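Welcome, and thanks for taking a look at this one with us.

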Amino acid sequence: MKKRIKVSAPGKLMLFGEHSVIYGKPCIVTAVDQRIRVNIGSSDNKYLKISAPQVNLDNYIESIDNLGRSDAPAGSRFVSLAVKNFFDYYKTGFGLKVTTESDFSSKFGFGSSSAVTVATIKALSQFTNSNLDNDQIFELSYKTVLDVQGVGSGFDVASAVWGGTIYYIKGKKTKGTLKHMKLPLIVGYTGIKADTPTLVRQVADLYQKDKKRVNSVFGSISAIVEESKKAILGRDLKKLGMLMNENQQLLKYLGVSSPELDKLIGASLKAGAYGAKLSGAGGGDCMIAVVPPDKLRLVGREIERQGGIVLAVKTQAQGVRVEKI
Ligand code: PMV
């Protein structure tokens, strides 16, 4: 067992295909250069100690025989269930101290939960010299996210593991990242935290009410994802913008946009963006716009004038990795 390990994993931005990805359709997600770091060291007794300032945890302690209790603080559950699932997988258990740091607020919807889970599993693998491969890290992390949240396609977990930009289908192996040139994207935060499980359930209710129509929306989103893959690889920005607008209309139809998202999306289009859409579950969090490179500033200013916060992120970041201590 190593003495101390530090691992980081990236946050993510959904580019195309949110919601329909839950129903087996493809999506495209890119990893961002805002990362979460997890430090692991041993602890003398059979306790897990977690310090995670970004979710207000200061030396929170749980017995390793009782990890991930449902009454534990929400901020601890991804780490403690990741530890539990790792221990169960290897039929082991020992005292641990886990400290996390984040480049970004968990409010943005950049996937802090999946990133911290993936980084914890990878750190445990390194710490115990188990050398899990990326597929195994994905499986254990995805199980952990489902244990905590109950819902999710795993696209955010895949993004944290593999990084880059990926075309993802639930349950299918990710076949490498899409190699593409940098895209001129703007990310605008609405200032409102979205609750992903609630929005996923809302779409599920709509689906139950009108399967035929909602299935046809998912089919159209799926076609947009296929087209956008080509547009990303060919760096066809105008086409990409058009596809974003179409995807946004379908998301509105599913009822997951919000007045704040619509306002920032409208502002960016007015200022010259090729296209814009919400990114993630909707209801708040962030919107993205693809913008002519010479209009990036103008569009950013317009988003801020409408009350949004422009987040400077770079896309196609590296997936989970070990960091020097
Ligand atoms: O809210 P986020 O960024 O976790 O994105 C949710 C995307 C969904 O398709 C709605 C859910 C999922 O797990 O795929």
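Around the ligand there are 13 residues, and those that come nearest are Lys12, His19, Ser153, Thr196 and Ala281. Please keep in mind that this is a predicted model. The ligand sits in the largest pocket, and a search of the whole structure turns up 13 aromatic pairs.

- His19 takes part through its backbone, where a polar atom lies 2.8 Å from an oxygen atom of the ligand.

**Burial and surroundings**

- How much of the ligand does the protein bury? Taken alone, the ligand exposes 370 Å², and the protein buries 94% of that.
- The shell around the ligand is made up of five nonpolar, six polar and two charged residues.
- As for location, it is the largest pocket that holds the ligand.

**Aromatic pairs**

- Of the 13 aromatic pairs found across the structure, one joins Tyr89 and Tyr90, with ring centres 5.0 Å apart.
- Why is the pair of Tyr89 and Tyr90 edge-to-face? Their planes stand at 85 degrees, and planes over 60 degrees apart count as edge-to-face.
- Tyr89 has 42% relative accessibility and so counts as partly exposed, since that value falls between the 20% and 50% cut-offs.
- Tyr90, at 33% relative accessibility, is likewise partly exposed.
- Phe138 and Tyr142 form another aromatic pair, with 5.5 Å from centre to centre. The planes of Phe138 and Tyr142 are 35 degrees apart, and the pair is tilted.

Conventions: Residues are numbered from 1 along each chain as its sequence is written. This is a predicted model: local features need pLDDT of at least 70, side-chain atom pairs count only at pLDDT 80 or more; totals for chains, interfaces and linings use all residues. Side-chain values use heavy atoms; hydrogens and water are left out. A residue is near a molecule or strand if one of its heavy atoms lies within 4 Å of it. A polar contact is a pair of N or O atoms within 3.5 Å; within protein, one must be able to donate a hydrogen and the other to accept it, and residues adjacent in sequence count only if both atoms are side-chain atoms. Accessible areas come from the Shrake-Rupley method with a 1.4 Å probe; for residues, only the protein chains shown count as cover. On a 1 Å grid over the protein atoms alone, a cavity is a set of points where a 1.4 Å probe fits but cannot get out, and a pocket is an open set with protein on both sides within 12 Å along at least five of seven lines; lining residues have an atom within 4 Å of a point. A molecule sits in a cavity or pocket if more than half of its atoms lie within 2 Å of its grid points. Ala, Val, Leu, Ile, Met, Phe, Trp, Tyr, Cys and Pro count as nonpolar, Asp, Glu, Lys and Arg as charged, and the others, Gly among them, as polar. Rings of Phe, Tyr and Trp (its six-membered ring) pair if their centres lie within 6.5 Å; planes under 30 degrees apart count as stacked, over 60 as edge-to-face and the rest as tilted. Buried means under 20% relative accessible area, exposed over 50%, partly exposed in between (1.4 Å probe, protein chains only).
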